[in-house]
Amino acid sequence: MSNVKISYSRQYIFKKDIDSVSKALKSEYITQGPTVNKFEKILAKRINSKYTIAVNSATSALHIACIVLDLKKNDYLWTSTNTFVASSNCALYLGAKVDLIDIDIKTYNIDTKLLEKKLIVAKKNGKLPKILVTVCFGGRSCEMDEIFKLSKKYGFRIIDDASHALGGSYNDHKIGSNKYSDLTIFSFHPVKMITTGEGGAISVNNKKIYEKLIMLRSHGITRKLSYLKNKNKPKWYFEQKLLGYNYRLTEFQAALGIGQLKHLNFFLKQRKKIALTYSKKLKNLPLILPEISKKNVSSFHLYVILTHLKNGQRNQLYNYLRKKNIETNVHYIPIYSHPYYKKFKFKKENFKNTELYYKSCLSLPIHPLMSQNNIQKVIKEITKFFNDK
């Protein structure tokens with residue numbers, strides 16, 4: 001048993017999910033059929049959104065979300081330092097500029113006080129953001145009520161990157177309902193809350209934006225009569241209205257997504273159970289554990305611990321656990337530290353909390369396939385590492 005690797009995260013596919021995919025593959029349509037639309041409606045109902053648009057990745061979702069919010073060359077998009085690069089790359093695709101906000105060292109999300117200070121300076125310099133991409137790091141929402149108020153005061157739009165957070169809530173509002181944002185992004189990558197293999201979605205409550213997203217997902221093309229310039233045409237007729245992309249999800253991916261959504265409550269329950277066990281059993285060790293909030297219900301996509309900074313302790317723990325066949329990970333390398341972003345000349349000293357976090361963060365294994373033995377082994381080995389010091 002000790003030789004079996006414990007993954008930091010992985011998909012959980014049920015036999016019924018496989019049967020659904022097989023059925024979709026044998027159907028008349030394996031793309032551009034009715035299953036995607038069904039998946040979108042079920043997802044929208046789950047998150048209390050008027051509309052959802054399924055796409056082939058959360059990266060694609062971020063890209064076309066920026067387009068519908070009219071992000072253009074030399075506009076500014078701001079986002080967190082502590083996120084996957086897709087949260088900022090979406091701006092660069094459109095020739096826009098990226099700026100970053102340091103994190104709150106307790107939540108690992110955008111620090112709202114630092115955001116407000118930065119907005120005050122940006123207004124004086126005429127460099128306010130057109131879009132702020134908030135990031136629900138690890139499954140926990142940002143302080144969206146405060147950020148929403150700032151958006152009204154300073155005139156920026158909000159894309160909530162909830163790639164980690166399907167099933168979470170904030171102030172009793174489901175993440176994805178867009179109570180505090182213009183659009184919300186979800187990811188269905190295999191390590192996320194549910195999976196479609198690769199895939200993503202956008203939730204939105206504005207019908208015009210929804211219809212534009214539908215066109216952008218599929219080459220900018222529409223067959224909808226109200227949008228057609230030429231009304232008296234055969235059924236095969238269509239028009240390209242926008243410069244769009246092929247960001248479509250397949251029917252069999254959507255079939256998998258429908259099956260996975262049926263298990264979402266189970267996935268959430270299992271993740272929460274693991275998180276609470278970690279918090280209980282590791283609390284007496286020299287670690288900083290994640291905050292657990294009643295008003296900010298996390299999906300627990302990640303469970304991140306912070307070690308002390310002395311003597312490269314995080315890396316020592318990582319290597320120790322790896323030798324014990326326990327896979328951990330680091331989320332994330334700060335955006336400004338990637339070689340591609342060096343040309344933008346971000347200064348590390350402007351992101352002190354991120355620097356502290358990055359030197360000490362470690363994501364522990366957390367996923368529904370973890371057995372009780374797996375969980376206890378992780379706890380036992382972490383405890384042993386510190387007790388032997």
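Which element gives the most to the lining of the largest pocket? I put this to the structure at the outset, keeping in mind that the model is predicted, and I found that α7 leads with five residues.

**Entry 1, the pocket.** I looked up the size of the largest pocket and noted a volume of about 690 Å³. Its lining has 20 residues, and I wrote down those closest to the pocket centre as Gln32, Ile214, Arg217, Ser218 and Ile221. Besides α7, I listed α2 (34–47) and β10 (221–222) as elements that each supply at least two residues of this lining. I then sorted the lining of the largest pocket by class, which gave eight nonpolar, six polar and six charged residues.

The largest nonpolar core holds 37 residues, and I marked Ile159, Leu183 and Leu213 as the ones that touch the most other members. I traced which elements each supply at least two residues of this core, and among them I noted the strands β1 (51–55), β3 (97–101), β4 (131–135), β8 (183–187) and β9 (200–204), together with the helices α3 (58–68), α4 (86–92) and α7 (207–217). The largest share, eight residues, comes from α3.

I then followed Ile159 and, leaving aside residues up to four places away in sequence, recorded its contacts with Leu62, Ala65, Cys66, Leu69, Ile131, Leu132, Val133, Thr134, Leu183 and Ile185.

How many cavities of 30 Å³ or more does the structure hold? I counted two. For the largest cavity I noted a volume of about 100 Å³, with a lining of 14 residues, of which Asp160, Lys174, Ile175, Lys179 and Tyr180 lie nearest the centre. By class, I found that the lining of the largest cavity has four nonpolar, seven polar and three charged residues.

Sorted by class, the lining of the second largest cavity came to six nonpolar, three polar and three charged residues.

Terms used. Residues numbered from 1 in each chain as written. Predicted model: local features only at pLDDT ≥ 70, side-chain atom pairs only at ≥ 80, totals over all residues. Heavy atoms only, no water. Core = buried A, V, L, I, M, F, W, Y, C linked by side-chain atoms within 4.5 Å. Buried < 20%, exposed > 50% of the residue type's maximum accessible area, 1.4 Å probe, protein only. Helix = DSSP H or I, 4+ residues; strand = E, 2+ residues; numbered from the N terminus. Contact = heavy atoms within 4.5 Å. 1 Å grid on protein atoms, 1.4 Å probe; cavity = no way out; pocket = protein on both sides within 12 Å on 5 of 7 lines; lining within 4 Å. Points joined across faces, edges and corners; volume = space filled by probe spheres on them. Nonpolar A, V, L, I, M, F, W, Y, C, P; charged D, E, K, R; others polar.
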